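Colleague: Could you take me through this model slowly, one question at a time?

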Amino acid sequence: MTELGIALIIDKLQPKTASYLSIAARGGALVLPGRSMLLLQIAPASLIDKAADIAAKHIHCIPAVYILESRVGHLALSSESMSDLADAVATIADGLGCDLPRPAPAKIISSELTSRVDSQHAYSINKSKMGSMVVPGESIYVLACQHSSNALKAANEAEKAADIKIVDFRFTGSMGRLVICGKDQNVRAARDAALAAIE
């Protein structure tokens, strides 16, 4: 049975968030900052290309991110217009013959800030990251949330609020995760913005 799981629209992608998405995506187009983005969950995952085709032919948008899991596919579309992306949700649902997606539930699983990271701790984090490096002495903030797509929204809002570095974020699977770092006061401001975006 075809199902659209979660549809989340991000208003304006920030430069670091967009850059990280371009690295994390295994398929799709270059993710450009300043554009709006729709993140859509599709089951079964094999329909991700059909959904991208429907959107590209009927809405002014670019299929920007393709991520396939065993059962679910994640498709991100970017556009200069949030209203075009809202239309894309309805157009894809109609084209696939399924119901409109439900609102994304929001739940904070954990929220932890660590000040003045030790050099060995920074090294351990940097070995497994895809984004910016943690420098010893910086503060880090780690957020875990559900639904996982909320981590993308949290990252974008954190970057709007303060000059921070995005170390890592995961917006697929059963739980989302965001790791940011920087000067302590900046990380605290970004943390507050990330939490507000989810709550």
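Modeller: Strand β2 (residues 36-43) and strand β4 (residues 73-79) pair in the antiparallel sense over seven bridges, where strands (E, at least two residues) and helices (H or I, at least four) are DSSP runs numbered from the N terminus, and two strands pair if DSSP finds at least two bridges between them. This is a predicted model, in which local features need pLDDT of at least 70 and side-chain atom pairs count only at pLDDT 80 or more, while totals for chains, interfaces and linings use all residues. Residues are numbered from 1 along each chain as its sequence is written, and side-chain values use heavy atoms, with hydrogens and water left out.

Colleague: Which residue in β4 is the bridge partner of Leu40?

Modeller: The pairing of β2 with β4 is antiparallel and runs over seven bridges. In β4, the bridge partner of Leu40 is Leu75.

Colleague: What is the order of the strands in the open sheet that has β1 and β3 at its edges?

Modeller: This open sheet has four strands with antiparallel pairing. β1 (3-10) and β3 (62-68) each have a single partner strand, so one side of each is left without a neighbour in the sheet. The twist averages 15° from one strand to the next, with angles taken between N-to-C directions on a scale from 0 to 180 degrees and axes fitted to C-alpha atoms, for helices over the stretch in contact. The order is β1-β2-β4-β3.

Colleague: At about what angle to β3 does helix α2 run?

Modeller: Helix α2 (residues 48-58) lies across β2, β3 and β4, and contact here means heavy atoms within 4.5 Å. Its angle to β3 is about 170°.

Colleague: Which residue in β8 is the bridge partner of Ile140?

Modeller: Another open sheet of four strands has the order β5-β6-β8-β7, with antiparallel pairing. Its edge strands, β5 (107-114) and β7 (165-170), each pair on one side only. Strand β6 (residues 139-146) and strand β8 (residues 176-182) are joined over seven bridges, and the partner of Ile140 is Cys181.

Colleague: Why is the pair of Tyr20 and Phe169 classed as it is?

Modeller: Rings of Phe, Tyr and Trp (its six-membered ring) pair if their centres lie within 6.5 Å, and planes under 30 degrees apart count as stacked, over 60 as edge-to-face and the rest as tilted. The count by this rule is two aromatic pairs. For Tyr20 and Phe169 the centres are 4.5 Å apart and the planes stand at 35°, so the pair is tilted.

Colleague: How many residues apart in sequence are the parts that this pair ties together?

Modeller: Tyr20 counts as buried at 3% relative accessibility, and so does Phe169 at 2%, where buried means under 20% relative accessible area, exposed over 50% and partly exposed in between (1.4 Å probe, protein chains only). Tyr20 lies in helix α1 (residues 15-24) and Phe169 in strand β7, so the parts tied together are apart in sequence by 149 residues.

Colleague: Which residues have the most contacts inside the largest nonpolar core?

Modeller: A nonpolar core is a set of buried Ala, Val, Leu, Ile, Met, Phe, Trp, Tyr and Cys residues joined through side-chain atoms within 4.5 Å. The largest has 33 residues, and those with the most contacts inside it are Met37, Phe169 and Ile180.
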